Amino acid sequence: GLKLAVLAAGDPLEADHWEAASADPERYGHRLYETLRRLDRLGVDRILVAQVSEQPQWRAVADRLRRAAAGSGAV
């Protein structure tokens, strides 16, 4: 099967690596690219990122995630 890394809050899913996401949008956004690079260096086949809240304070994070996913084959 595929080797998976997951970036999400809550209970860990079955994955090769689990990264706990911050519940604070400013902290999440500040660490996002660093976290994605670290997960990428693990050599996993896919990095799954849980959808963030649609509340206004999360808009910048959602935009960063869309930009990071562009061209990655993300669905």
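## Aromatic pairing

Rings of Phe, Tyr and Trp (its six-membered ring) pair if their centres lie within 6.5 Å; planes under 30 degrees apart count as stacked, over 60 as edge-to-face and the rest as tilted. By this rule the predicted model has 1 aromatic pair. The ring centres of Tyr 28 and Trp 58 are 5.5 Å apart and their planes stand at 75°, so the pair is edge-to-face. Tyr 28 belongs to helix 1 (residues 25–41) and Trp 58 to the loop between strand 3 (46–49) and helix 2 (59–69), so the pair ties together parts 30 residues apart in sequence. Tyr 28 and Trp 58 are both buried, meaning under 20% relative accessible area with a 1.4 Å probe, protein chains only.

## Fold and dimensions

The chain has 2 helices and 3 strands, which are DSSP runs (helices H or I, at least four residues; strands E, at least two) numbered from the N terminus. From the N terminus on, their order is β-β-α-β-α. The radius of gyration is 12 Å, close to the 11 Å given by the globule rule for 75 residues, so the chain is as compact as a globular protein of that length. The radius is taken over C-alpha atoms, and the rule is 2.2 Å times the number of residues to the power 0.38.

Buried residues make up 25% of the 75 residues.

## Basis of the values

Residues are numbered from 1 along each chain as its sequence is written, and side-chain values use heavy atoms, leaving out hydrogens and water. In this predicted model, local features need pLDDT of at least 70 and side-chain atom pairs count only at pLDDT 80 or more, while totals for chains, interfaces and linings use all residues.

Methods
Buried means under 20% relative accessible area, exposed over 50%, partly exposed in between (1.4 Å probe, protein chains only).
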